[in-house]
Amino acid sequence: MLHVITTDIFDRTLLDDLCRLTTITRRIARTPDGLRFLQQLLPVRRAMLYFTQPSTRTYLSMNNACHILGVRTSEIRNPDVSSEFKGETFEDSIRTFAAYVDLIIMRTPQPGYAARAADLMGDMNRRVPVINAGSGKDQHPTQALLDIYTLERNFQKTGGIEGKTIAMMGDLKRGRTVRSLCRLLRHYKDTRLVFIAAPGFEMEPDILACLDADKVSYEQSDRLEDFLPSVDAIYVTRMQTEHDTSGESARVDLSKYSIGAAQIEHMKKEAVILHPLPRGPEIHPEIDSDPRAVYWQQERNGLWIRVALIACILEASDQIISAQSKFL
Amino acid sequence: MLHVITTDIFDRTLLDDLCRLTTITRRIARTPDGLRFLQQLLPVRRAMLYFTQPSTRTYLSMNNACHILGVRTSEIRNPDVSSEFKGETFEDSIRTFAAYVDLIIMRTPQPGYAARAADLMGDMNRRVPVINAGSGKDQHPTQALLDIYTLERNFQKTGGIEGKTIAMMGDLKRGRTVRSLCRLLRHYKDTRLVFIAAPGFEMEPDILACLDADKVSYEQSDRLEDFLPSVDAIYVTRMQTEHDTSGESARVDLSKYSIGAAQIEHMKKEAVILHPLPRGPEIHPEIDSDPRAVYWQQERNGLWIRVALIACILEASDQIISAQSKFL
Amino acid sequence: MLHVITTDIFDRTLLDDLCRLTTITRRIARTPDGLRFLQQLLPVRRAMLYFTQPSTRTYLSMNNACHILGVRTSEIRNPDVSSEFKGETFEDSIRTFAAYVDLIIMRTPQPGYAARAADLMGDMNRRVPVINAGSGKDQHPTQALLDIYTLERNFQKTGGIEGKTIAMMGDLKRGRTVRSLCRLLRHYKDTRLVFIAAPGFEMEPDILACLDADKVSYEQSDRLEDFLPSVDAIYVTRMQTEHDTSGESARVDLSKYSIGAAQIEHMKKEAVILHPLPRGPEIHPEIDSDPRAVYWQQERNGLWIRVALIACILEASDQIISAQSKFL
């Protein structure tokens, strides 16, 4: 694995390997000696966090994932940074970053930029890996990975993701997290998807076609209550109001697409509720302490799967796997 | 000690312990081996500097204090950061930080936020310590600690802070440093305080009541010249013009509340002049090289007492104390 | 060497030593063990990058140079930072930085500030070295060093810089890189300089006088084509449009002062093309893969000569020289 630009590079084997590596890594991290071991893995590597689309959450997660492995970080987090490079092409900027660091983690408001950066490396002596930390509306692959890992972990005792009923609710049309998650869930046999959205916010046809092609079973509905008792997981998302063209989000009766105490009582005991965060009113804080609310756990999973991913890319995963007997 | 939100948690024993630890730490730091020892104490810990109220001075002091102990840092220093978390509650943001780091150091323009963050940890699995690096007008406890340490160090040969006459001058009404310092000075017997302020800028009644309750003796005056010969220390502060409602600061004749060559000659040989910095015209640079001007030393004390404080909170203080025989 | 403010401190011996140290350092850095050795040199040192004139390129280069040596960094990269220090003199700000770190790397839009900072250290107990990373139009010494190193490396097999014909082209009047490079090239015997510029953008008389004083031979022309076949190196620069007073840059026919496929075919096989980057249209990307185009290599040289320079200033160069037998 050199670059992580889209979810397409992840097949089932790679997903399983990555989830396993993540779990090993966090177990090693439970002791101070284990944490020191991790930090001695990549102390001479340097990463650049190039975030022209600000995202404190993803930035912190990536930066701390680097720090756990000892990787030093430099950052550009200023949305005005383009003006600093005024007159310089994107390609020249990326070449410059590649001159200084060993890993580029990038997030841009425009689609396709991470892919362009990765393509560029093919022509260079120093091929620096690129991780896409969100590029416009198209992809956010590390978010999809942490979602898979969270499902996998929570279904560990019940046979894993295969065969489970997983609902997605909210702004399915414009939320890139649910779109990427669907692409990854194709690799798990017999999962049944349920898309719950207000009219106008349904999952896009391209994703449905992709599920059809792989014979993934799904249903679409605007009635949460019908599915509450049967879902094993529900992935709730916020309205992507920043993409509104005429205030369409405000016209949705969000109470029908929200989870609070009234809804959770209809859910299975061992079901789980995920959310990519930040949340809006679609998840009421009153359920935060319910064990089924795993979105804070999910956030922390994001830290650890990024540690595992960076370890893979910078070729430290074998050392982690070999060391597990020493620390576990 | 988990959180440091106000000065209230510091009693005399804790203050003495912390001052002693600070002095041990900086002695260890005098040799390269000692510095390496310190940096090996907490290399696997990660801190977050969440500064929505920019303060380069406090930021640098905290960041470098972390670095001395090997703690890795992530930062938010953008006053516009609130917009990044638009639609997310402060509580959700703090939970997010707590998912990624082991220590939150925060500075906000609003009062009470550090306390809210600390309270929140009570409900969480991962209880991350919070250090208040300034929250609105209410508290700035680490500044008060470095002030105490500076007094303590300078009075080392003359029996410590107890029994000394300590003047505070300037904008006593609105300066949070003098307010916090008064609270800590209550723990030292027989200190005599002198508050020198222009009319309208006197120390607030709540602090006076607090001193009365503890039978701390104090005087109030607007005549610096009357006290110059008798004070052991004078803590000078700038006008907090940012809190002016009608340009009231500009109406003060600052020359009456300033120290320059003309004033310092009336002071005792072993008296000391402190200032939290940045300074305005209230301290003339012509006295900078006078040994009684200890404000630059005070700034550096701030670095070291923060090192000691972070070592305490992250449980490395015992290792420092045990190591002193090796390095001193 | 304490401070690096101008190119004046570099005589030929120092330049040769620094180039040699740079080459040794990057050879050591070729192996993981070598990289670890470098990073263990200065782990307890702390640097501050004070960039009130933003420059992502120079910032990244300096920050990563610090990281290679294990130096921890704090940064101010906000052009509005001056407002944070409102009411504080530049001298007080520098004293504050000096209280917290061991090295100040600074870049300012105004000339003379790095020199003022360095002068200030003379009066202080803690004399913190200052590296000028660009101060207004006057100097950018580390850029000149990396340019010398790039020439030196490329002329290694042909006897070094001495005796070579080196052209400089573009906005010679206002480009500080060519001005600084001229000052350093005086230390190399029998070099012949060619200044190619549009009318109104010629090299300034002060530099010409300085070359005359040292009997450095030079020619001035506005005809690139006359010199293409004879130059050993051409240093191309962009129009400094940010210094335009009446859009004068736009009136230049840039095609006459640019290098693309048509021009490069007239150059010697072993000639080299340098550019300080970012580039404008004066260098066509079509020549990027030609081995004579060394500007990306030059950028990476900048990283390594800064590593060597910081190692010198913080007194780790002897350790690097002693270690070379172990790693090479």
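Trainee: How many salt bridges does the count give between chain A and chain C?

Mentor: The count between chain A and chain C is two salt bridges. This is a predicted model, in which local features need pLDDT of at least 70 and side-chain atom pairs count only at pLDDT 80 or more, while totals for chains, interfaces and linings use all residues. Residues are numbered from 1 along each chain as its sequence is written, chains are lettered from A and ligands numbered from 1 in the order written, and side-chain values use heavy atoms, with hydrogens and water left out.

Trainee: Why is the pair A:D92 and C:R279 called a salt bridge?

Mentor: The closest N and O atoms of A:D92 and C:R279 are 2.6 Å apart, and the term asks for a side-chain nitrogen of Lys or Arg within 4 Å of a carboxyl oxygen of Asp or Glu, so the pair qualifies.

Trainee: Which parts of chain A make up the side that touches chain C?

Mentor: On that side, β1 (46-51), β2, α4 (81-84) and α5 (90-100) of chain A each supply at least two residues, and the largest share, six residues, comes from α5(A).

Trainee: What makes chain A and chain C partners in contact, and how much area do they bury?

Mentor: The contact, which means heavy atoms within 4.5 Å, takes 24 residues from chain A and 24 residues from chain C. The area buried between these two chains, that is, the accessible area (1.4 Å probe) lost on putting them together, summed over both, is about 2,300 Å², and carbon and sulfur atoms give 50% of it. Of the area that chain A buries against chain C, A:V44, A:R72 and A:Y100 supply 30%, more than any other three residues.

Trainee: What does the interface of chain A and chain B hold?

Mentor: Here, too, the rule finds two salt bridges, and B:D92 forms a salt bridge with A:R279, with closest N and O atoms 2.6 Å apart. The elements that give two or more residues to the side of chain A that touches chain B are α2 (32-39), α3 (56-68), β2 (72-76) and α12 (295-313) of chain A, and the largest share, nine residues, comes from α3(A). In this contact, 25 residues of chain A meet 24 residues of chain B, and the two chains bury about 2,300 Å² between them, 49% of it on carbon and sulfur atoms.

Technical notes
Helix = DSSP H or I, 4+ residues; strand = E, 2+ residues; numbered from the N terminus.
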